[in-house]
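I opened a notebook page for this chain and went through it topic by topic. My entries follow the structure.

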Amino acid sequence: MKKTILLIEDDTTLQELLSQLLSRKGYSVIGCRDGIRACEYVAKFEPDMIVSDLNLPGYSGLEITRIVRANSAFSHIPVLLMSAHPGRTPGIDATKAGADGYIAKPFNINELSDKISDIFSRNAFQPDLAAS
């Protein structure tokens, strides 16, 4: 069964390109361009992973991560944040917010795909604490 990724990116061209490339890698992709709608989509579609830009209209990627982590129905969903801001700070902020990973833009699709696969693999070996 295909894994579903909620891709949150406000740059239309980049979102379309990433959606196509991730689809070719075997993922089902749901696109969204703002943070408020993204939170609605998490509840509506219950994706297997969220891949989000940091800077978005509405809620930021950090805020989306915090909202997802605070909701027990969705806190298990892995979150990968991405940003074009250079330096360590965005990655540290992503980790503090509860993201499972961070990737700096620009990146190549194989790097993104590898990061997504790694996060799925890590989460597959973690026990479901909610079921205990």
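**Ground rules.** I call a residue buried when its relative accessible area is under 20%, exposed when it is over 50%, and partly exposed in between. The model is predicted, and I read it as such.

Entry 1: I began with Lys105 and Asp53. Lys105 is buried, and Asp53 is buried too. Their side chains form a salt bridge, 3.3 Å from N to O. I then checked where the two sit. Lys105 is in the loop between strand 5 and helix 5, while Asp53 belongs to strand 3, and 52 residues separate them.

Lys105 has another partner. It meets Glu9 in a salt bridge at 2.8 Å, N to O. Glu9 lies in the loop between strand 1 and helix 1 (12-24), and the pair is 96 residues apart. Glu9 is buried, as is Lys105. I noted Glu9, Asp53 and Lys105 as linked in a network of salt bridges.

I also looked at the backbone here. Lys105 and Pro106 are joined by a cis peptide bond, with omega about -5°. Pro106 is in the loop between strand 5 and helix 5.

**Entry 2: another salt bridge.** How many salt bridges does the structure hold? I found five. One that I looked up pairs Arg33 with Glu16, at 3.9 Å from N to O. Arg33 is in the loop between strand 2 (28-32) and helix 2, and Glu16 is in helix 1, so the pair ties together parts 17 residues apart in sequence. Arg33 has 37% relative accessibility and counts as partly exposed. Glu16, at 43%, counts as partly exposed as well.

**Entry 3: strand 3.** Is strand 3 largely enclosed or largely open? Five of its five residues are buried, so the rest of the structure largely encloses it. I checked each face. Met49, Val51 and Asp53 are buried on one side, and Ile50 and Ser52 are buried on the other.

Next I looked up the neighbours. Strand 1 runs parallel to strand 3, and four bridges join them. Leu6 has Ile50 of strand 3 as its bridge partner. Strand 4 also runs parallel to strand 3, again with four bridges. There, Asp53 is partnered by Met82 of strand 4. I recorded a right-handed β-α-β unit made by strand 3, helix 3 and strand 4.

**Entry 4: helix 3.** I took the helix of that unit next. Helix 3 covers residues 61-70, and its buried residues are Gly61, Leu62, Ile64, Thr65 and Val68. Viewed down the helix axis, they fall within an arc of 160°, so they line one face of helix 3.

What do the buried residues of helix 3 pack against? I listed strand 1 (4-8), helix 2 (35-45), strand 3 (49-53), strand 4 (79-83) and helix 4 (89-97).

Thr65 turned up again when I looked at Gly98. Leaving aside neighbours within four places in sequence, Gly98 contacts Thr65 and Arg69. Gly98 is in the loop between helix 4 and strand 5. Its relative accessibility is 25%, so I count Gly98 as partly exposed. I also took one distance: Gly98 and Ser75 are 9.5 Å apart, C-alpha to C-alpha, and 23 residues apart in sequence.

**Entry 5: cysteines.** I searched the whole structure for disulfides and found zero. Cys32 is buried, at 3% relative accessibility. Cys39, at 19%, also counts as buried, because the cut-off is under 20%.

**Entry 6: one backbone angle.** I flagged Glu46. Its phi is near 45°, a positive value in a residue other than glycine. Glu46 is in the loop between helix 2 and strand 3. With 51% relative accessibility, Glu46 counts as exposed.

Terms used:
Residues numbered from 1 in each chain as written. Predicted model: local features only at pLDDT ≥ 70, side-chain atom pairs only at ≥ 80, totals over all residues. Heavy atoms only, no water. Buried < 20%, exposed > 50% of the residue type's maximum accessible area, 1.4 Å probe, protein only. Helix = DSSP H or I, 4+ residues; strand = E, 2+ residues; numbered from the N terminus. Arc of directions from axis to C-beta. Contact = heavy atoms within 4.5 Å. Pairing = 2+ DSSP bridges. Right-handed = clockwise from strand over helix to strand, strands pointing away. Disulfide = S-S within 2.5 Å. Salt bridge = Lys/Arg side-chain N within 4 Å of Asp/Glu carboxyl O.
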